[in-house]
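Open the model in your viewer and keep the selection tool at hand. The stops below are meant to be taken in order.

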Amino acid sequence: MKKSIAILAAVLLFAFQSVDAQTVTSNGVKVQSTLTVGSQKLDRIGSGVRKKYGMSMYVGTLYADKTKSKAALANANEPAAVSIHIVSSLITSERMEESIREGFVLSTGGNTKTIDARINQMIKVFSEPIKVGDVFDIKYSPTAGTQISKNGKLKVTIPGHDFKKALFNIWLGPKPVDAGLKKSMLAL
């Protein structure tokens, strides 16, 4: 009997470890350890909290090939992803639009003219009501462009490496929207 209980305990422990190996907890939010973009499996580089006015807004997680340079991730024409887990009821569609526009202005030095139409495409994804627990996945691949999903449902595909660079530089560029988030996402 004791042997059966020990075997059952070992099996259950292994099963729970397998599930835990697929996710990690970051700032109270379970995030995937890996994310697939196209056919490429990307590793979680790091996660952090976007804070505004001292309050937590969302958990941002960066996924990329861990063998590549962290400094080049935002500008590289290689698969990468950012996952956004909403943790605050203060985030509304209007506030998200404002933040996205502000982020693009910062990441491009105010030169958004060539990507304005694509920024508007992205903003449409956030026009639906946003609630705590929503997850937005932003996946880039050189062949497909930038694909944005809400809660697992693909909402838009936006072409262009130039758009991807401007978008990822919102979090990872020289003038990020949140320096602490950048540091955490890059696991510095």
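How many Å should the twelve residues of helix α4 span, and how far apart are its end C-alpha atoms? Select residues 161-172: at 1.5 Å a residue, α4 should span 16 Å, and its end C-alpha atoms are 15 Å apart, which agrees. The expected span is 1.5 Å times one less than the number of residues. Helices here are DSSP runs of H or I with at least four residues, strands are runs of E with at least two, and both are numbered from the N terminus.

This is a predicted model, in which local features need pLDDT of at least 70 and side-chain atom pairs count only at pLDDT 80 or more, while totals for chains, interfaces and linings use all residues. Residues are numbered from 1 along each chain as its sequence is written, and side-chain values use heavy atoms, without hydrogens and water.

Stay on α4 and colour by accessibility. Nine of its twelve residues are buried (under 20% relative accessible area, with exposed over 50% and partly exposed in between; 1.4 Å probe, protein chains only). Among them are Phe163, Phe168 and Trp171.

Next, select Arg118 in helix α3 (residues 116-125). Arg118 is buried, with a relative accessible area of 15%. Its side chain makes a polar contact with the side chain of Asp162 at 2.8 Å (a pair of N or O atoms within 3.5 Å, one able to donate a hydrogen and the other to accept it; residues adjacent in sequence count only if both atoms are side-chain atoms). The side chain of Arg118 also reaches the backbone oxygen of Pro159, at 3.0 Å.

Last, select Leu90, in the loop between β6 (80-86) and α2 (93-108). Leu90 counts as partly exposed, at 33% relative accessibility.
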